[in-house]
Amino acid sequence: MKGFGLLKSSIVVKTVGIAFVALAFFYLGKHWSDDTYQQLIFFSSNSNTNAKTPSISISPNFNKTFDIKSLINDTTEVETVADHTLPAIPPAPLLSPPPPPPPPTVQRLGVVDENGVMTDEFEVGEVDPNVVENRSNETKAVEGDIGVRVRVLKFESCPVSMREYIPCLDNEEAIKGLKSTEKGERFERHCPDKDKGLNCLVPAPKGYKAPIPWPKSRDEVWFSNVPHAQLAEYKGGQNWITVDKDKFKFPGGGTQFIHGADQYLDQISQMIPEIAFGNHTRVALDVGCGVASFGAYLYSRDVLTLSVAPKDVHENQIQFALERGVPAMVAAFATRRLLYPSQAFDLIHCSRCRVNWTRDDGILLLEVNRLLRAGGYFAWAAQPVYKHEPLLEEQWEEMTNLTTRLCWNLVKKEGYIAIWQKPLNNSCYLSREPGTQPPLCAEDDDPDDVWYVGLKPCISRLPEDLSGANITTWPERLNNPPERLQSIKLDAYVSRKDLFRAEGKYWKEIIDSYVRAFRWKTYNLRNVLDMRAGFGSFAAALINNQVDCWVMNVVPVSGPNTLPVIYDRGLLGVMHDWYKPNLIDSCFLDNNCTIPVLNRLSLHRCEPFDTYPRTYDLLHAAGLFSIEQKRCNISSIMVEMDRILRPGGRVYIRDSVSVMTELEGIAKAIGWRVMVRDTAEGPHASYRVLTCDKNLR
C-alpha cells in the first residue's frame with residue numbers, strides 16, 4: 001500500500017505538471033496570437049483534392065495599417081486597428097509569372113559595331129531645336145578634380161557691330177595706349193586682358209548664305225557674306241573686284257598684273273624656268289596680297305600660297321581671300337617676327353605691297369630672308385623696278401645695295417618685276433668685308449623662335465648640314481621625312497623617322513574612316529584648321545584622300561616646334577598659343593629683358609587667333625583640351641572656335657574621356673549640335689570623338 005501511495009503521489013505530480021505546462025503554453029499562445037501583430041499572407045494547399053493549383057490564404061490583418069517604424073524600434077505604442085469582417089474570398093488559381101521583358105535595343109551612336117569594327121551604319125541622334133534659342137550667359141559653379149570650374153549654360157549673341165571682330169587686332173584701348181605707331185605697331189597683336197575677353201557669340205551678317213563651293217568661289221562670292229563694297233569702289237579700276245547684283249566677282253587682276261594673274265604667273269615662269277611651280281616651288285608667301293588672286297591662281301598650279309596683309313585701310317582684303325577659299329591670315333611686317341619658321345617659303349612675292357623694305361637698315365627684308373628657304377626666290381613688282389624718277393631710282397639703288405649685302409643674287413629683272421635668289425649656305429656671308437652690315441646673328445640665336453619675338457637686325461644663319469635647302473620636290477616631299485626632323489627638340493627614345501611614319505599611319509587610318517563613315521567628300525570642305533598639328537599628318541592624309549581643301553596647321557607653343565617639318569613637307573602652318581603670357585609686350589621685344597623665357601611662358605591667358613570670323617569650314621583638335629585645360633578655361637577656346645567657324649561648319653574634337661563631358665556641355669551652350677562617338681578602338685577606349693555642327697544662322 002505504501003508503494004502504491006508513492007506511485008499514486010508521483011502520477012498526480014506528473015499530471016499536475018503536465019497540466020500546468022499545457023496551461024502555460026495555452027496562455028502564451030493566446031497572448032502572442034493577439035491582433036497586435038501583422039500576420040502574413042501565405043500559400044496553402046486546397047482541401048479539395050480535385051484542385052490542381054494552390055490557393056492563397058488571406059491574413060486576418062488584411063486592409064489594416066501599422067506604424068512599421070514603431071514596431072521595429074519599439075519606441076512608441078503600437079497603433080490599435082479596428083478589426084474588420086472580411087468577406088469570404090474564393091480560392092484563386094496562382095498564375096504563372098510572366099516572362100522577363102527583352103533587353104532594350106542598344107542605340108549605337110559610335111562608328112564601330114559591337115566587335116569594335118568600323119561601320120557606316122550608325123545613328124546620328126536627334127537635334128534639339130531649342131538649343132540655340134534664348135541664349136544668355138547663365139553660369140553655375142561645378143566642383144571637379146582640379147577645383148571649382150564655371151560651367152556656362154548658354155551664351156548670348158554679341159552686338160551686330162562685332163560681326164567682323166578680331167579680338168587681338170581690334171583692341172582699341174590697347175592701341176590708343178601705344179607709345180608709338182610709326183613702325184606699324186597698331187597692326188600687330190594686342191590681345192584683351194583676361195577679364196575682357198570674348199564672352200559672346202559673334203553674329204553673321206544679315207542674309208548670310210552657305211559659301212559658294214570651291215573652285216567656283218575663286219571667281220565669285222555672295223555679297224551678303226562680306227557686305228563691304230568700299231574695296232570694290234577703291235580698286236575698281238585695277239581689276240581686283242567688282243560687284244555684280246548679289247555677288248562679288250574677281251576678274252583675277254591686280255595692281256601690277258591688270259591683264260590677269262595667269263598671264264603674270266606665266267611671265268615669272270618664263271623669266272625663271274627653274275622656279276618650276278608645283279614641283280620645285282610648292283609653298284609661297286604673298287605679302288600685301290589684295291584679294292589674293294595671286295595665290296588663288298597659283299593653287300591650280302599645285303602651289304600652296306599663304307596670303308598675308310594687315311587690317312589697314314583695305315581691312316577686308318583678307319576676309320575676301322578667305323571667303324574665296326584661299327589660304328590667308330592677317331599679319332603685318334612691323335616690329336615682331338611673323339609666326340612662321342625659318343626657311344618656310346620657296347617663293348616670297350610682293351606686288352605693290354606697301355612695305356618699305358629698306359627702312360631701319362633693312363630690318364624688314366631681314367625678316368623676309370629668315371622666312372625664305374635657302375635657294376628660294378623673292379619677287380618684287382613695284383614702281384622702283386621700272387619707273388625712272390629720281391625718288392624711285394634712289395629707292396631701287398637702296399634695294400639693290402641691301403640685297404647685295406644679304407648675298408642675294410639678282411637673277412632677272414624684266415618689265416616691272418625683279419627676282420632675287422637667296423644663297424644655299426653661309427659661305428657668302430662669311431666672306432664679306434669685316435664690318436659689313438647687317439651682321440650674322442649669333443650662333444645661339446634660334447631663327448624658329450617666333451612667339452612674341454622682336455625683329456632682329458641680323459642675318460639668320462643657315463644650318464651647316466644644309467637641312468632645309470636640299471628637300472625633295474613635290475609631291476614626294478609630302479610623305480618623305482625631311483632632314484630638319486632631326487633638329488626638332490623631342491623627348492623621344494625612338495627614331496624620329498619612326499615617329500614621323502607612325503603619326504602618318506595613325507592619321508591615314510583615321511582620315512580614311514572619316515571620309516568613308518562621315519562622307520567628308522560631300523561636305524564641300526575648303527578652309528580647314530588643325531589646332532594641334534604635330535608633323536602635319538592630318539593635312540597630309542586629307543591630300544592623300546584627295547579632299548580638295550587646304551589646312552592651316554597650328555603648332556602650340558606649349559609643345560615641340562614642328563613647324564619646320566610641316567613646311568618641308570609642302571604644307572602651311574603657324575605658331576600659336578591659345579594662351580598668352582601675362583606680361584607687357586615690351587619685355588618680349590626687349591632682347592635684354594631680365595625675365596627668363598620659361599617664366600615668361602608660365603603665366604598665360606586665353607588668346608584668340610589672327611583671322612576674321614567665319615573663316616573655316618572645319619576645325620579639328622586632337623588631344624588639345626586634355627593638355628591645356630590646366631592653364632586656361634577651355635570654354636573661352638571654344639567660344640573662339642565658334643567665332644572663326646563658318647555657319648554650317650563642323651568641329652571634330654578627339655580627346656580623352658575625362659574632358660569629354662565638359663566639352664559636350666560647352667558645345668551645347670554655344671548652340672552647336674553635338675554627338676559623342678566611339679573611336680575605332682571601341683567603347684572602352686580612353687578617347688572619344690566629339691562631333692559638332694554649327695547651325696547656318
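Biologist: Is Asp-360 buried, partly exposed or exposed?
Modeller: This is a predicted model, and in it Asp-360 has its place in helix α8. Buried would need under 20% relative accessible area and exposed over 50%. Because its relative accessibility is 39%, Asp-360 counts as partly exposed.

Biologist: What is the phi of Asp-360, which is not a glycine?
Modeller: Most residues other than glycine have a negative phi. Asp-360, in helix α8, is not a glycine and yet has a positive phi, with a value of about 50°.

Biologist: Staying with helix α8, how is it oriented relative to helix α10?
Modeller: Helix α8, residues 359-371, and helix α10, residues 390-405, pack with their axes 11 Å apart and at an angle of about 60°. Angles of 65 to 115 degrees would count as roughly perpendicular and those under 35 as roughly parallel. The angle of α8 to α10 therefore makes the pair oblique.

Biologist: Which residues of α10 are met by α8, and how do the residues of this contact divide?
Modeller: From α8, the residues Asp-361, Gly-362 and Leu-365 take part, and in α10 they meet Met-399, Leu-402 and Thr-403. Taken by kind, the residues of the contact of α8 with α10 divide into three nonpolar, two polar and one charged.

Biologist: What is the handedness of the crossing of α18 and α19, and at what angle do they pack?
Modeller: Helix α18 (residues 634-644) passes helix α19 (residues 657-670) in a right-handed crossing. Their axes lie 10 Å apart, and the angle at which they pack is about 45°. That angle makes α18 oblique to α19.

Biologist: Which residues make the contact of α18 with α19, and how many of them are nonpolar?
Modeller: On the side of α18 the contact is made by Ile-634, Ser-635, Met-638, Val-639 and Asp-642, and on the side of α19 by Glu-662, Leu-663, Ile-666, Ala-667 and Ile-670. Among the residues of this contact, one is polar and two are charged, while the number of nonpolar residues is seven.

Biologist: Is Leu-645 buried or exposed, and which residues away from its sequence neighbours does it contact?
Modeller: Leu-645 has its place in strand β21, which covers residues 645-656, and because its relative accessible area is 0%, Leu-645 is buried. Asn-527 is 118 residues away from Leu-645 in sequence, and their C-alpha atoms are 9.7 Å apart in space. Leaving aside neighbours within four places in sequence, the residues in contact with Leu-645 are Arg-614, Tyr-616, Asp-617, Leu-618, Leu-619, Arg-650, Val-651, Trp-672 and Lys-694.

Biologist: How many residues of helix α7 are buried?
Modeller: Helix α7, residues 317-324, is mostly covered, and its buried residues include Phe-320, Leu-322, Glu-323 and Arg-324. Just after α7, Gly-325 takes a positive phi of about 95°. The number of buried residues in α7 is eight of eight.

Biologist: Where are cis peptide bonds found, and which prolines do they involve?
Modeller: Most peptide bonds are trans. The bond from Trp-214 to Pro-215 is cis, with omega near 10°, and Pro-215 has its place in the loop between α3 (172-176) and β5 (220-222). Trp-474 and Pro-475 are likewise joined by a cis peptide bond, with omega about 10°, and Pro-475 lies in the loop between α11 (427-430) and α12 (496-517). The prolines asked for are Pro-215 and Pro-475.

Biologist: What percentage of the residues of the protein chain count as buried?
Modeller: The protein chain contains 19 helices and 23 strands, and it exposes about 35,100 Å², of which carbon and sulfur atoms supply 54%. Of its 697 residues, the share that counts as buried is 49%.

Definitions and conventions
Residues are numbered from 1 along each chain as its sequence is written. This is a predicted model: local features need pLDDT of at least 70, side-chain atom pairs count only at pLDDT 80 or more; totals for chains, interfaces and linings use all residues. Side-chain values use heavy atoms; hydrogens and water are left out. Axes are lines fitted to C-alpha atoms, for helices over the stretch in contact, and angles run from 0 to 180 degrees between N-to-C directions. Helices (H or I, at least four residues) and strands (E, at least two) are DSSP runs, numbered from the N terminus. Angles under 35 degrees count as roughly parallel, over 145 as roughly antiparallel, 65 to 115 as roughly perpendicular and the rest as oblique. Contact means heavy atoms within 4.5 Å. Ala, Val, Leu, Ile, Met, Phe, Trp, Tyr, Cys and Pro count as nonpolar, Asp, Glu, Lys and Arg as charged, and the others, Gly among them, as polar. Buried means under 20% relative accessible area, exposed over 50%, partly exposed in between (1.4 Å probe, protein chains only). Accessible areas come from the Shrake-Rupley method with a 1.4 Å probe; for residues, only the protein chains shown count as cover. A crossing is left-handed if the near helix is turned anticlockwise from the far one by less than a right angle, and right-handed if clockwise.
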